[in-house]
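Hi everyone, thanks for coming. I'd like to walk you through one model today, so please have the viewer open.

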Amino acid sequence: MKYYRDVDYFLYFEDFPHMGVPGVTALNSDGTVNIFINTLYNETVQARTVRHELRHMAYNHFSADWMSITEKEVEADNEDDPNCIFAEDFAWVEYTVEERLSPFFASLIPREDVIDEIERIYKSQGILHMSFDIPNSPYISKTEAQRIYKDAQTACNIVMSDYITRHRKTARVPKTPGGKRKII
Ligand SMILES: [Zn+2]
């Protein structure tokens with residue numbers, strides 16, 4: 001993913017009221033990022049701070065709720081990551097690794113796979129077809145899928161027990177192991 005200065009992020013170099021904070025990043029409502037650099041620090045520190053703040057953006061830290069602040073800071077400080085490239089004057093920053101997926105997105109199942117699994121469940125129970133209400137999104141979370149499979153299994157059980165009940169009259173009355181007729 002490549003981000004461009006004055007498009008995706010804006011750099012502001014200014015004297016802060018005091019030292020102590022080399023840089024601040026603020027998210028804008030449109031998803032762009034403002035990076036303020038404290039010019040009370042020398043240029044080496046300023047450049048390092050810009051890289052630090054841009055790494056936060058490139059690594060998608062602002063939406064990575066599953067990472068701790070410490071993890072993010074360690075990553076943003078890593079000056080040796082060959083996958084994070086900066087243009088001269090910070091005209092752009094590029095993170096060349098495929099965009100990292102959150103554990104949530106990694107746990108999504110394509111809708112067709114969920115439908116296939118439901119079909120497998122009811123066919124294995126001897127049912128020819130089952131209408132099913134599945135969310136209309138292309139991907140479904142594993143948790144949701146598990147719930148759907150359980151519902152499908154429950155529906156199978158209900159249908160099959162109902163089938164057995166209706167056919168019980170014609171079925172032979174099973175005997176208990178003792179040989180006595182079992183009342184059903
Ligand atoms: Zn940081």
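I'll start with the overall layout, then go through the helices, and finish with a few single residues.

Some housekeeping first. What you see is a predicted model, and local features need a pLDDT of at least 70, side-chain atom pairs count only at pLDDT 80 or more, while totals for chains, interfaces and linings use all residues. Residues are numbered from 1 along each chain as its sequence is written.

So, the layout. Along the sequence the pattern reads β-β-β-β-α-α-β-β-α-β-α-β-α. Of the 184 residues, 12% count as buried. By buried I mean that 20 or more other C-beta atoms lie within 10 Å of the residue's own; exposed is 12 or fewer, partly exposed is in between, and the C-beta atoms are placed from the backbone. As for contacts, 58% of those with a separation of 6 or more join residues 24 or more positions apart. Two residues are in contact if their C-beta atoms, again placed from the backbone, lie within 7 Å.

Now the helices. Two packed helices are described by the angle between their axes and the distance between the axes. The axes here are lines fitted to C-alpha atoms over the stretch in contact, with angles from 0 to 180 degrees between N-to-C directions.

Take H1, residues 43–58, and H2, residues 69–76: their axes come within 8 Å and cross at roughly 120°. The two helices are therefore oblique to each other. On that scale, under 35 degrees counts as roughly parallel, over 145 as roughly antiparallel, 65 to 115 as roughly perpendicular, and the rest as oblique.

Which residues of H1 and H2 meet? On the H1 side they are His52, Arg55 and His56, and on the H2 side Lys72, Glu75 and Ala76. The residues of this contact divide into one nonpolar, two polar and three charged. The classes are simple: Ala, Val, Leu, Ile, Met, Phe, Trp, Tyr, Cys and Pro are nonpolar, Asp, Glu, Lys and Arg are charged, and the others, Gly among them, are polar.

Staying with H1, its buried residues are Thr49, Val50, Glu53, Leu54, Arg55, Met57 and Ala58. Its 16 residues should span 22 Å at 1.5 Å a residue, and the end C-alpha atoms are 22 Å apart, so the two agree. The expected span is 1.5 Å times one less than the number of residues. Just after H1, Asn60 takes a positive phi of about 65°.

On to H4 and H5, residues 142–167. Their axes come within 10 Å and cross at roughly 25°, so H4 and H5 are roughly parallel to each other. This crossing is right-handed. H4 contributes Val114, Glu117, Ile118, Ile121 and Tyr122, and H5 contributes Ala145, Ile148, Tyr149, Ala152, Gln153 and Cys156. The contact divides into nine nonpolar, one polar and one charged.

H5 has 26 residues and reaches 37 Å from its first C-alpha to its last, close to the 38 Å expected. The buried residues of H5 are Ala145, Ile148 and Ala152, and they pack against strand E7 (108–110), H4 and strand E8 (139–141).

Finally, the single residues. Most residues other than glycine have a negative phi. Asp6, though not a glycine, has a positive phi of about 65°; Asp6 is in the loop between strands E1 (2–4) and E2 (9–14). Asp6 counts as exposed, with 9 C-beta neighbours inside 10 Å. Phe90 also has a positive phi, near 55°, and sits in the loop between strands E5 (84–86) and E6 (92–95).

Last, Leu11, which lies in E2. Is Leu11 buried, exposed or partly exposed? With 18 other C-beta atoms within 10 Å, Leu11 is partly exposed. Leaving out residues up to four places away in sequence, Leu11 touches Arg5, Ile35, Ile37, Val50 and Phe90. Leu11 and Ile35 are 24 residues apart in sequence, with their C-alpha atoms 4.9 Å apart in space.

Thanks, all!

Conventions
Helices (H or I, at least four residues) and strands (E, at least two) are DSSP runs, numbered from the N terminus. A crossing is left-handed if the near helix is turned anticlockwise from the far one by less than a right angle, and right-handed if clockwise.
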